[in-house]
Amino acid sequence: MTRGHSPASAPQVLVLLATFNGSRWIAEQLQSILDQEAVSVKVLVSDDMSSDGTLDILGRYAGDPRVTIVSQGRHGSAAANFFFLIRLAQGCTFDFLALADQDDVWHPQKLMRAVQAIRERQVAAISTNVTAFWPDGREALVRKDQAPGSLNHFFESAGPGCTYVMADGMAHALANFVAVRMPDLVSVDFHDWMIYAWARTNGYRWWTDPWPSLRYRQHSSNALGANAGLRGKIVRWRMLRNGWYRAQVLRIATLCDAQAQPTMVRLQRLGWIDRFVLATHVRHMRRRWVDCVALAFIFLVGHKN
């Protein structure tokens, strides 16, 4: 089968692609999406008022029926742009919904393997590991397939949102949720974390494939990145320390109607007994032990605000 072509009976996958000043990478990424094997791909692109020629590059695909470009003014963040795209998916027909960043490179079997996994494992959504790569040629496997805790969806994403693939039932329910709560979602900084928390809270089964489905480009403009190296760790430590992280957890829990959950009540109150109890339950909140240790420390000595 020729890459990028599939039979009429192939699963229909709608890919939501958010762009902003990505002219250095967007052509390679978009082509890797269109070259997916054994699926029928349509791409919905929302550009956040790029000023670097990204729209000119996207314009080259104007005659391709698989690519639709929308522009609705300044969204202000990748999360807001993705929430806008997810809301647009309400009126679209598809079998599966996938999210895409502008700067990665997808392996040709990414969507095909995701579709197979969702069907065979009878789950509503999957995410995957990724291979991070840097301009100097370095590469590193970024693992997200550790066993999740019972509360981890409130405290971390399933992995990079660019790996997410959802079955149509969950995707349309998510689109309805986003449409209703759009004004409240502006305070959520990471769409992938919100989606994962909403899905788990609403009983949707999620699986993480250990296979790295894409090459995860690392550069100075990454919203968060792979957390590799001292710089990434310092950024995340500051986010934990300054109260931003706690505020996001509580905001996401509220949007999931889980603010009365005992852990969230303790996190909101954050008295000394609450701090101790939270610190002893971190194994339920994060997958990696090093993250559990850091979170326990923050619970014990971190600022409330």
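N21 is found in the loop between β1 (12-19) and α1 (26-34); helices (H or I, at least four residues) and strands (E, at least two) are DSSP runs, numbered from the N terminus. The structure is a predicted model, in which local features need pLDDT of at least 70 and side-chain atom pairs count only at pLDDT 80 or more, while totals for chains, interfaces and linings use all residues. Residues are numbered from 1 along each chain as its sequence is written, and side-chain values use heavy atoms, with hydrogens and water left out.

Most residues other than glycine have a negative phi. N21, although not a glycine, has a positive phi of about 50°. With a relative accessible area of 23%, N21 is partly exposed, because buried means under 20% relative accessible area, exposed means over 50%, and partly exposed lies in between (1.4 Å probe, protein chains only). Q122, in the loop between α4 (110-121) and β6, also is a residue other than glycine with a positive phi, near 55°. Q122 is exposed, because its relative accessible area is 63%.

Strand β6 (residues 125-133) and strand β7 (residues 139-142) run antiparallel and are joined by four bridges; two strands pair if DSSP finds at least two bridges between them. V130 stands opposite V142 in β7. The two strands form a hairpin with five residues between them, and G137 in the turn has a positive phi of about 95°.

How far does helix α6 (residues 168-185) span between its end C-alpha atoms? The span is only 22 Å, whereas a straight helix of 18 residues would span 26 Å at 1.5 Å a residue; the expected span is 1.5 Å times one less than the number of residues. Helix α6 bends by about 50° at A179, and the proline P183 follows within four residues. Here the bend is the angle between axes fitted to the seven residues ending at a residue and the seven starting there. Among the buried residues of α6 are M170, L174, F177, V178 and L185.

D192 lies in helix α7 (residues 191-201). D192 counts as buried because its relative accessibility is 11%. The C-alpha atoms of D192 and G161 are separated by 4.7 Å, although these residues are 31 residues apart along the chain.

Helix α12 (residues 289-301) gives the most to a nonpolar patch, with three residues. L300 has its place in this helix, and L300 counts as partly exposed because its relative accessibility is 36%.
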